[in-house]
Amino acid sequence: MKLTGIYRKYTIYTLFAVLVLGSVTHYYIFRYSIHRSTDDVLLEYKQDVLEYAAANDTMVSLQELEMQHSRLYCYKVDPGEEQEHAIYDSLIYSNHEKEKVVYRVLRFDVKAGADMYHVMLSQPTLEEDDLMSAVILSLSLLLLLFIVASFLVSSYYTRILWMPFYKLLSQLRQYKVDRLLPSRLPSCGVVEFDEMNEVVHTMMGKIHSDYTALKEFTENTSHELQSPLSIIKAKLELLQQLEMDNPKSQELIQGMQSAVNRMSHFNRALLFIAKINNNQFADEEDVLLNEYIEEYLASYEDILINKKVKVCYRDEAPCPVRMNRMLADRLIMNLLSNAVRYNVNGGQLSVFTNKDTVKICNTYGNVLPKGDLFGRFIKSAQEKEATGLGLTIVKNICLKSRLKVTLDINETTFCVIIKKE
C-alpha cells in the first residue's frame, strides 16, 4: 500500500474516533444549551406570573399570559405548605402529537392576595433520541465532507509535493551500476526531499566508484594470474620432458601440473562469474537452447559411449530464450559436462525440452556435498579436478537471463530444470 493510502486509512480511523467522541460531547453540550434556553424562558414566565399576582392580587390565566407552546397549571395550597421546586424533565401527553412529549417543567408557589397557589409551568423541549440523531447526522455530514475534502487535497498535494520523490524513485529504477551517474535533480524546496536527493546521489556515486574499482581489480588480477600460470604450466611441461627417466620427478611434476590446471580453471571460472555480475554480457538475442544441447551431446558422444551411458533426448518443441549467446553456450556446456562427469558407468542421461523448459537428468553415484549446491566451491569430495563453480555459474547465468533454475534430486537421479520466468 502506498504512503498516501496508509495516510488516508489512518486519517479515516482517526475521524471515526473523533466522530464517536464528538457525538458524546456534542450531545451533552447541545443538551445543556437547549435546557438552559428553555429554563430561561420558564424563569421569564415565572417572573411574569409573580409580577401579575403582586399587581392584581389574583392568579394569572393562560390567556392573559403570552406563552408560546407552553402550559400553565395552578391550584391553591394551604399557607405554610409552599416550597421552592427545581426545574426537571417530564413526559406529558400532547393532544397535538397524540403521544407523550418531553417537557421542561418549573414548579413554584405564588401568593395572590390572601391565597397561596402552586404553579406548574411546562415548556416542550427536544427529546434525547431526537437530539442524539441530530448530533450524529450533523457530525456524519461534517465527517463526509471532511473525508471528501481530505481525499481531494491529498490527491492534489500528492501530485505536487511528492513529485520530487517520484522523480528520484524513477532515477533509482533506471540506475545501472555500470553506467554513468544520472544528473542531480534540482532543489524542490522541501528540506527532507532535498536531503534524500543528496544522500542518494552520494550513495550512487560511491557504489559506482566501488564497482569500477572492483571491476578493474578483478580483471587485472585475473589477467595477471593467468600469465604466470601459463608460464608455470609451460615450464612444467618442459621439465617433464627433461625428467623422463626419473619416476619420482615425473610424479611431482604431474602433481604440480594438476594444481596449476585447477588454479587456472578456478581463475577462469571466477573471472567469468565476475563478468556476469559486471554486466559484461549485455548483448541479448533470441537463441534456441536445443541447438547447444545437440552440439554438446555430439561432442560428448565418445565419453558417453566409453561410460556406457544411455542417452534419451526428447525434444517436444524448440526452447527459444532471449539471452546472450555466449551465456547460453556456457549454460548448456556446464549442465551437460556435469551430467556426463558425475554419471555412473552404465547409467542414463535424459534431456527434455519444450517451449518453456529444459530438463537435464543423470544418474549419479557419488554422495552429494552438504550445503547449497548453487554455492561457490561446493563439490563432491571424489572429484578432485572439479572447481565447485559449475552450478554457481549456471545460477548466475539464469539470474542474468531471467531464467529460473531448480533441482529435483532423488536417490539415484540428479535433475536440473531451467524454466523461463
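**Disulfide, rings and cores**

A: Start with the cysteines: C361 and C415 form a disulfide, with 2.1 Å between their sulfur atoms. Keep in mind that this is a predicted model.

Q: How many disulfides does the count come to?
A: The count comes to one disulfide.

Q: What's the handedness of the C361 and C415 link?
A: The link of C361 and C415 is right-handed, with 115 degrees about the S-S bond.

Q: Which strands do C361 and C415 lie in?
A: C361 is in strand β9 and C415 in strand β11, so the pair ties together parts that are 54 residues apart in sequence.

Q: And C361, buried or exposed?
A: C361 is buried, at a relative accessible area of 11%. C415 is buried too, at 5%.

Q: What about C312, what does its accessibility count as?
A: C312 counts as partly exposed, at 34% relative accessibility. C398, on the other hand, counts as buried at 1%.

Q: Okay, switching to rings. How many aromatic pairs does a search of the whole structure find?
A: Two aromatic pairs turn up. One of them is Y364 with F414, which is edge-to-face, at 6.3 Å centre to centre and 80 degrees between the planes.

Q: Where do Y364 and F414 lie?
A: Y364 is in the loop between β9 (357-363) and α9 (390-400), while F414 is in strand β11 (residues 413-420), so this pair ties together parts that are 50 residues apart in sequence.

Q: Is Y364 buried or exposed?
A: Y364 is buried, with a relative accessible area of 16%. F414 counts as buried as well, at 12% relative accessibility.

Q: Let's look at T363. Where does it lie?
A: T363 lies in strand β9. The residue is buried, with a relative accessible area of 19%.

Q: What does the side chain of T363 join in a polar contact?
A: The side chain of T363 has a polar contact of 2.5 Å with the side chain of N343. The T363 side chain also reaches the backbone nitrogen of Q348, at 3.1 Å.

Q: What else does T363 touch, not counting residues up to four places away in sequence?
A: Leaving those out, T363 touches Y342, N343, V344, G347, Q348, T412 and T413.

Q: New topic: packing. Which residues touch the most other members of the largest nonpolar core?
A: In that core of 43 residues, L289, M323, L336, L349, I360, I397 and I418 touch the most other members. Helix α8 (residues 325-341) gives the largest share of this core, eight residues.

Q: What does I418 touch, not counting residues up to four places away in sequence?
A: With those left out, I418 touches L335, D356, T357, V358, V394, C398, L403, K404 and V405. There's also a second, separate core of 14 residues, which includes Y45, A53, A112 and V119.

Q: Where is V119 found?
A: V119 is found in strand β4 (residues 115-124). This valine is buried, with a relative accessible area of 0%.

Q: How far apart are the C-alpha atoms of V119 and D109?
A: The C-alpha atoms of V119 and D109 are separated by 5.8 Å, and the two residues are ten residues apart along the chain. Not counting residues up to four places away in sequence, V119 touches M59, L72, Y73, C74, L106, R107, F108 and V110.

Q: And R104, buried or exposed?
A: R104 is buried, with a relative accessible area of 10%. This arginine lies in strand β3 (residues 99-112). Beyond four places away in sequence, R104 touches residues including H35, D39, Y88, D89, S122 and Q123.

Q: Zooming out, how many helices and strands does the protein chain have?
A: The protein chain has nine helices and eleven strands. Of its 421 residues, 35% count as buried.

Q: What share of the contacts with a separation of 6 or more comes from residues 24 or more positions apart?
A: Residues 24 or more positions apart account for 64% of those contacts in the protein chain.

Key: Residues are numbered from 1 along each chain as its sequence is written. This is a predicted model: local features need pLDDT of at least 70, side-chain atom pairs count only at pLDDT 80 or more; totals for chains, interfaces and linings use all residues. Side-chain values use heavy atoms; hydrogens and water are left out. Rings of Phe, Tyr and Trp (its six-membered ring) pair if their centres lie within 6.5 Å; planes under 30 degrees apart count as stacked, over 60 as edge-to-face and the rest as tilted. Helices (H or I, at least four residues) and strands (E, at least two) are DSSP runs, numbered from the N terminus. Buried means under 20% relative accessible area, exposed over 50%, partly exposed in between (1.4 Å probe, protein chains only). A disulfide is a pair of cysteine sulfur atoms within 2.5 Å. A polar contact is a pair of N or O atoms within 3.5 Å; within protein, one must be able to donate a hydrogen and the other to accept it, and residues adjacent in sequence count only if both atoms are side-chain atoms. Contact means heavy atoms within 4.5 Å. A nonpolar core is a set of buried Ala, Val, Leu, Ile, Met, Phe, Trp, Tyr and Cys residues joined through side-chain atoms within 4.5 Å.
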